[in-house]
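Visitor: I would like to learn how to read a few backbone and packing features. Where do we start?

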Amino acid sequence: MEERIASPAKTIEILQSNDFQFLKKFGQNFLIDLHVLDKIIRAADVQAEDVCVEIGPGIGSLTQALAEHAREVIAVEIDDRLIPILQENLKAYSNVTLIHQDFLKLDVKALLEEKGIHRPIKVIANLPYYITTPIIMGLFESGIPLAGMTVMVQEEVARRIQAGPGSKDYGALSLAVQYYAEAYIAAFVPQNCFMPRPKVGSAVLQLTTYKEKPVSVKDEKRMFSLIRAAFGQRRKTLVNCLRNAEALALDKERILEALESLGISEQIRGEALTLQQFAALSDALMED
Ligand code: SAM
């Protein structure tokens with residue numbers, strides 16, 4: 001077994017020998033805790049036949065563990081200074097493909113086709129926090145075959161994503177993610193597990209993609225416009241939020257009628273509605 005890149009001593013040695021300075025703009029907080037690394041691999045349930053895509057491999061700490069468990073690892077790193085370091089650190093692993101690119105600009109679908117990969121992939125990453133939501137939502141919306149995502153995110157974001165109705169953390173992001181996947185927090189990770197230490201706590205979030213969506217809705221775009229409007233003004237009732245949302249062009253009567261047909265109180269706030277109720281409301285509001 002190769003020496004662990006994620007150990008604090010090895011990480012420091014790599015950083016010093018390459019005279020590497022962290023760049024805040026790339027959200028660089030490298031993982032230096034082998035137990036946390038283990039928890040990520042276990043939460044993702046990485047198997048020998050898996051194809052894993054890693055966003056932001058850094059110096060290769062997580063990439064190394066993935067390469068030892070999975071069939072193939074595709075690691076996408078934006079920072080050109082890290083490419084030679086990764087090539088050196090991962091030279092023992094022939095199942096790693098390193099891509100030097102901004103993940104948000106990468107056509108993952110085309111890449112998988114080009115590589116002849118048709119099985120659902122697992123996305124596993126200690127995410128750069130400044131682009132957590134666009135990465136997660138972009139992947140779900142891309143329609144690529146996706147078994148799930150195991151991602152390190154800010155603790156507060158993890159709580160928002162896994163929250164259910166009635167909780168203060170519940171909102172448009174919870175519903176957007178839970179439309180595609182079952183979400184649970186696999187581990188809370190303190191600041192001292194990273195170098196440099198981030199300002200806030202982190203969590204490993206496990207998102208397991210549903211084989212079938214948990215709700216069927218006639219127009220999903222419209223349902224999400226409704227959801228965004230419903231949480232736009234948290235202290236207001238759902239009826240007021242919806243009628244204040246100009247883009248929806250709904251009058252009060254119409255909203256009240258739809259709520260009544262679904263047996264939902266006109267006093268309700270958006271934060272009390274389930275995804276199923278939002279879907280039903282969206283369909284009811286589309287009827288003439
Ligand atoms: N995986 C490493 C680890 O766990 O130690 C590094 C994680 S660090 C939180 C985030 C990594 O994402 C950094 O290596 C950073 O350079 C990279 N990164 C930032 N923005 C990126 C982007 N748009 N596309 C690809 N990689 C990015």
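Guide: Start with the loop between α10 and α11, where A249 lies. Helices (H or I, at least four residues) and strands (E, at least two) are DSSP runs, numbered from the N terminus. This is a predicted model: local features need pLDDT of at least 70, side-chain atom pairs count only at pLDDT 80 or more, and totals for chains, interfaces and linings use all residues. Residues are numbered from 1 along each chain as its sequence is written, and side-chain values use heavy atoms, leaving out hydrogens and water.

Visitor: Is A249 buried or exposed?

Guide: Buried means under 20% relative accessible area, exposed over 50%, partly exposed in between (1.4 Å probe, protein chains only). A249 has 64%, so it is exposed. D19 also has a positive phi of about 50 degrees and is not a glycine. D19 sits in the loop between α1 (8–17) and β1 (30–31). With a relative accessible area of 60%, D19 is exposed.

Visitor: Which residues does a cis peptide bond join?

Guide: Most peptide bonds are trans. Here M195 and P196 are joined by a cis bond, with omega about -10 degrees. P196 belongs to the loop between β8 (194–195) and β9 (202–209).

Visitor: Now packing. At what angle do α9 and α12 pack?

Guide: Axes are lines fitted to C-alpha atoms, for helices over the stretch in contact, and angles run from 0 to 180 degrees between N-to-C directions. For α9 and α12 the angle is about 115 degrees, and the axes are 9 Å apart. Angles under 35 degrees count as roughly parallel, over 145 as roughly antiparallel, 65 to 115 as roughly perpendicular and the rest as oblique. So α9 and α12 are roughly perpendicular.

Visitor: Which residues make that contact?

Guide: Contact means heavy atoms within 4.5 Å. R222, M223, L226, I227 and A230 of α9 touch L275, F278, A279, L281, S282, L285 and M286 of α12.

Visitor: And how do α11 and α12 cross?

Guide: Helix α11 (residues 252–261) and helix α12 (residues 275–286) cross at roughly 125 degrees, their axes coming within 9 Å. They are therefore oblique to each other.

Visitor: Which residues of α12 are buried?

Guide: L275, F278, A279, L281, S282, D283, A284 and L285. Their cover includes α8 (172–178), α9 (220–230), α10 (238–244) and α11.
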